[in-house]
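Reader: Before I rely on any label attached to this model, I would like to see the value behind it set against its criterion. Could we go through the labels in turn?

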Amino acid sequence: MNDSGKNDTAKLRLVNFWATWCGPCVTEFPELMMMNRMYRQRDFELVTVAAQFPDEKEEVLKFLNKQHASNRNLLFGDTDKYKLIETFDANWTGALPYTVLIDPAGEILYRKEGSLDALELKRTIVKALNARKPW
């Protein structure tokens, strides 16, 4: 992961790249919203990034509203998906969904291309939150 993907907060940051046209993304999105509600009172932040074209903003917003997505939600503002990949993680093939858990020091604790393993991810989050090393 390059420096632009580095976590610049004191929080554990879960980043999920998704799209409305991606079946597995839509299927796992409610699980991400549940995780956000479970952990957001602690040093945890969920950020979702819709890997869609700027002209699809309305469709993305409609989906986010339906999901009651109260976390930070971003829309990739370009039509060149390779810019998104290169900016965030050069090791990412571009497949969706793509989920990364980053600790405040910038260390990747969980990385999954394709559907996430909710139990494994929750265990990783809880372990990291309970450890709470001085960052």
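This is a predicted model: local features need pLDDT of at least 70, side-chain atom pairs count only at pLDDT 80 or more; totals for chains, interfaces and linings use all residues.

Reader: How do you know that the span of α4 is close to the expected one?

Author: Helix α4, residues 118–131, has 14 residues and reaches 20 Å from its first C-alpha to its last, and at 1.5 Å a residue the expected value is also 20 Å. The residue that follows α4 is arginine 132, which has a positive phi near 30°.

Reader: Which residues of α4 are buried, and what puts them on the same side?

Author: Leu121, Thr124, Ile125, Ala128 and Leu129 are the buried residues of α4. They cover an arc of only 125° around the axis, and therefore lie on the same side of α4. Arg123, Lys127 and Asn130, on the other side of α4, are exposed.

Reader: Which elements do the buried residues of α4 pack against?

Author: Their partners are the strands β1, β2, β4 and β5 together with helix α1.

Reader: Which residues of the largest nonpolar core touch the most other members?

Author: This core has 38 residues, and those with the most contacts to other members are Leu14, Phe17, Trp18, Phe44, Leu101, Leu121 and Ile125. Helix α1 gives the most to this core, with six residues. Tryptophan 18 also touches, among others, Cys25, Phe29 and Phe63.

Reader: Why is the pair of cysteine 22 and cysteine 25 called a disulfide, and what makes it right-handed?

Author: The sulfur atoms of cysteine 22 and cysteine 25 are 2.3 Å apart, and the cut-off is 2.5 Å, so the pair counts as a disulfide. The torsion about its S-S bond is about 75°, which is why the disulfide is right-handed. The structure holds one disulfide.

Reader: How do you know whether cysteine 22 and cysteine 25 are buried or exposed?

Author: Buried means under 20% relative accessible area; cysteine 22 is at 5% and cysteine 25 at 1%, so both cysteines count as buried.

Definitions and conventions. Residues are numbered from 1 along each chain as its sequence is written. Side-chain values use heavy atoms; hydrogens and water are left out. Buried means under 20% relative accessible area, exposed over 50%, partly exposed in between (1.4 Å probe, protein chains only). Helices (H or I, at least four residues) and strands (E, at least two) are DSSP runs, numbered from the N terminus. The expected span of a helix is 1.5 Å times one less than its number of residues. The arc is that of the directions from the helix axis to the C-beta atoms. Contact means heavy atoms within 4.5 Å. A nonpolar core is a set of buried Ala, Val, Leu, Ile, Met, Phe, Trp, Tyr and Cys residues joined through side-chain atoms within 4.5 Å. Lists of a residue's contacts leave out its neighbours within four places in sequence.
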